[in-house]
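Please keep the sequence and the 3D view at hand while reading.

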Amino acid sequence: MQNKQVILVKKPEGLIDESHFSVVFTDVPSPKEGEVLIKNHYVSIDPYLRLLSEEPTTFSRGVKVGSRMESWSVGEVIESKSHSFEPGQYVLCYLGWQQYGVCEGRDLRKIDPSLAPLPAFLGVLGMPGITAYFGIFRYGKPQAGQTVLISAASGTVGMTAGQLAKMHSCKVIGIAETDEKCQYLVEELHFDHAINVSRIKLEEGIKAYAPEGLDLYYDNVGGETLDTALLFLRKNSRVVICGMISQYNLKTPYALKNFERLHSARATLKGFIVADLMSDWPDAISKLEKWVKEKKLKHKENIFHGLESAPKALNSIFTKAPIGKTVVEV
Ligand SMILES: NC(=O)c1ccc[n+]([C@@H]2O[C@H](COP(=O)([O-])OP(=O)(O)OC[C@H]3O[C@@H](n4cnc5c(N)ncnc54)[C@H](OP(=O)(O)O)[C@@H]3O)[C@@H](O)[C@H]2O)c1
């Protein structure tokens with residue numbers, strides 16, 4: 001049996017696309033004692049993969065040229081040499097862009113496919129959903145009646161974070177790039193408002209929808225968006241730096257001008273990486289699963305078909321990002 005993999009063949013400068021990857025075939029590995037052979041069904045496409053493709057980061061060794069791309073995936077156990085797993089079980093794993101892979105049993109999370117479609121375990125019930133959970137509750141600490149602004153609100157983290165803040169009776173305003181996305185945020189996810197920044201300036205949108213100012217800015221974007229949001233911070237507000245997707249393809253990052261606002265607003269700014277909180281993930285997962293089951297937390301996935309479409313899918317989240325979580329059906 002052959003194992004199809006997608007490997008990085010060139011370090012990207014600027015936007016990442018299909019020219020940076022190649023498809024190769026290897027032998028399917030055999031599991032050793034304590035290990036499990038998994039057939040991937042879906043691989044995850046996440047913004048941080050762009051960073052891995054360039055240099056080692058504070059949360060990963062990075063992906064070297066000639067190596068298989070890393071990523072979360074959802075797969076099925078094909079052969080098990082671990083007492084804890086049986087063939088046919090579905091698992092969440094970190095096997096990267098390939099059809100088959102071997103993992104130690106202790107690195108796998110069993111998942112229940114009756115709870116949600118498999119791709120959702122890479123989104124709302126996976127790393128991005130857990131990120132939103134901690135970003136909102138541990139660091140954002142929203143209180144009922146407070147005003148929360150969320151950038152990249154139609155992405156996986158943003159749409160989950162916004163719904164969690166709504167559950168806490170906050171006024172939630174999302175930032176997105178199209179009318180369709182804004183409509184989805186307000187009509188489907190019950191955000192209070194959505195600012196289409198391709199139509200109006202962010203500054204005007206915040207003035208219109210949050211004349212009282214912001215108690216929490218949940219930043220997925222960085223750059224000029226963050227700089228503008230800083231201008232509207234209220235006294236004792238919080239800024240959660242979850243991600244900086246607008247900066248990942250740039251050589252020279254945007255230099256913030258409005259840092260002074262943190263001082264005058266007595267605001268706190270907190271950056272975090274969800275991988276540092278792994279020992280607390282089970283608590284977040286059980287809450288997210290409960291809310292998805294109760295239909296209190298909605299989710300949406302976009303599926304690319306065929307492992308070879310993974311590079312195109314990665315490019316898409318930086319160019320024409322669809323609403324929700326992007327995954328590739330292997
Ligand atoms: N701190 C952590 O541990 C952690 C964990 C997971 C994710 N993150 C970060 O969270 C952010 C969102 O991730 P996600 O999983 O929600 O991604 P996603 O589901 O793939 O969605 C990507 C989002 O980014 C927006 N976007 C793309 N390029 C942009 C640009 N140049 N300027 C502004 N917005 C842009 C897209 O919307 P539009 O096209 O409508 O703008 C889309 O909403 C990223 O910055 C990611 O790195 C951090």
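## Basis

This is a predicted model, in which local features need pLDDT of at least 70 and side-chain atom pairs count only at pLDDT 80 or more, while totals for chains, interfaces and linings use all residues. Residues are numbered from 1 along each chain as its sequence is written, and side-chain values use heavy atoms, with hydrogens and water left out.

## Whole chain

The chain has nine helices and 15 strands, taken as DSSP runs (H or I, at least four residues, for helices; E, at least two, for strands) and numbered from the N terminus. Buried residues make up 54% of its 330 residues, where buried means under 20% relative accessible area with a 1.4 Å probe, counting protein chains only.

## Helix α5

In α5 (residues 202-209), Leu202, Gly205 and Ile206 are buried. They cover an arc of only 95° around the axis, which puts them on the same side of α5; the arc is that of the directions from the helix axis to the C-beta atoms. The buried residues of α5 pack against β8, β9, β10, β11 and α6, with contact meaning heavy atoms within 4.5 Å.

## Asn249

Asn249 lies in the loop between β12 (233-241) and α7 (260-264), and it counts as buried because its relative accessibility is 17%. Not counting residues up to four places away in sequence, Asn249 touches Gly14, Leu15, Ile16, Arg50 and Phe318. With the side chain of Arg50, the side chain of Asn249 makes a polar contact (2.8 Å), that is, a pair of N or O atoms within 3.5 Å, of which, within protein, one must be able to donate a hydrogen and the other to accept it, and residues adjacent in sequence count only if both atoms are side-chain atoms.

Methods
Buried < 20%, exposed > 50% of the residue type's maximum accessible area, 1.4 Å probe, protein only.
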